[in-house]
Amino acid sequence: EVQLVESGGGVVQAGGSLRLSCAASGITYENYVIGWFRQVPGKEREGVSCISSSDDYLYYKEAVKGRFTISKDNAKNTIYLQMNSLKPEDTGVYYCAVDKLPVCVSTMDYWGTGTLVTVSS
């Protein structure tokens, strides 16, 4: 059973930083994509950043390029999202998700339960 456990959310002022973590277990795909998604009330879940297990696929939402960095610690089966220069529009519930295809979309195969990020102005 795939389990994805997010942590690191919280409240931060605009301009601040947060680092999200996603501890993954039970992934049996030989190759997969894992990443971060954001959802706010009334809007669809959107891909923020995704990376493949083989490092040949990397995606960033345009609005976070230059501010957010995704990384992996294969020994810990954990991915991170370093978020700098945060803006109020970055507020939302951040989910970790996995898919066997090289995509970063709202229909990923497996999802965590999310961690809330609130950026105050």
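Predicted model: local features only at pLDDT ≥ 70, side-chain atom pairs only at ≥ 80, totals over all residues.

As a general background, nonpolar side chains in soluble globular proteins tend to be buried together.

When its neighbours within four places in sequence are set aside, Phe68 is in contact with Arg38, Val48, Tyr60, Leu81, Gln82, Met83, Asn84, Leu86, Asp90 and Tyr94.

## The four-stranded sheet

An open sheet is built from four strands in the order β1-β3-β8-β7, with antiparallel pairing. Its edges are formed by β1 (3-7) and β7 (68-73), each of which pairs on one side only. From one strand to the next, the twist averages 15°. In general, strands of a sheet pair through backbone hydrogen bonds, either parallel or antiparallel.

Strand β8 (residues 78-83) is joined to β3 by six bridges, and the two run antiparallel. Six bridges also connect β7 and β8, again in the antiparallel sense. Leu81 of β8 takes part in both pairings: it is the bridge partner of Leu20, and Ile70 stands opposite it. The strands β7 and β8 form a hairpin with four residues between them.

## Aromatic pairs and the arginine over the rings

How many aromatic pairs does the structure hold? There are three. One of them joins Tyr29 and Tyr110 in a tilted arrangement, with 6.3 Å from centre to centre and 45° between the planes. This pair links distant parts of the chain, 81 residues apart: Tyr29 is in the loop between β3 (18-25) and β4 (33-39), while Tyr110 is in strand β10 (residues 110-111). Tyr29 is partly exposed, at 23% relative accessibility, and Tyr110 is likewise partly exposed, at 34%.

Tyr95 and Trp111 form an edge-to-face pair, with a centre-to-centre distance of 6.3 Å and 85° between the planes. Because Tyr95 lies in strand β9 (residues 92-99) and Trp111 in strand β10, the pair ties together parts that are 16 residues apart in sequence. Tyr95 counts as buried because its relative accessibility is 14%, under the 20% limit. Trp111, at 26%, counts as partly exposed.

The charged end of Arg45 sits over the ring of Tyr95, 3.8 Å from its centre. Arg45 also lies over the face of Trp111, at 4.5 Å from the ring centre.

## Loops and positive phi values

Most residues other than glycine have a negative phi. Asp55 lies in the loop between β5 and β6 (58-60) and is exposed, at 53% relative accessibility. Asn77 likewise has a positive phi, near 50°. Asn77 lies in the loop between β7 and β8, within the turn of the hairpin, and counts as partly exposed at 47%.

The loop between β7 and β8 also holds Asn74. Asn74 counts as exposed because its relative accessible area is 56%, over the limit of 50%. The C-alpha atoms of Asn74 and Ser53 are separated by 8.8 Å, although the two residues are 21 residues apart along the chain.

Methods. Residues numbered from 1 in each chain as written. Heavy atoms only, no water. Phe/Tyr/Trp six-rings, centres within 6.5 Å; stacked < 30°, edge-to-face > 60°. Buried < 20%, exposed > 50% of the residue type's maximum accessible area, 1.4 Å probe, protein only. Lys NZ or Arg CZ within 6 Å of the ring centre and 35° of its normal. Pairing = 2+ DSSP bridges. Axes fitted to C-alpha atoms, helices over the stretch in contact; angles between N-to-C directions. Contact = heavy atoms within 4.5 Å.
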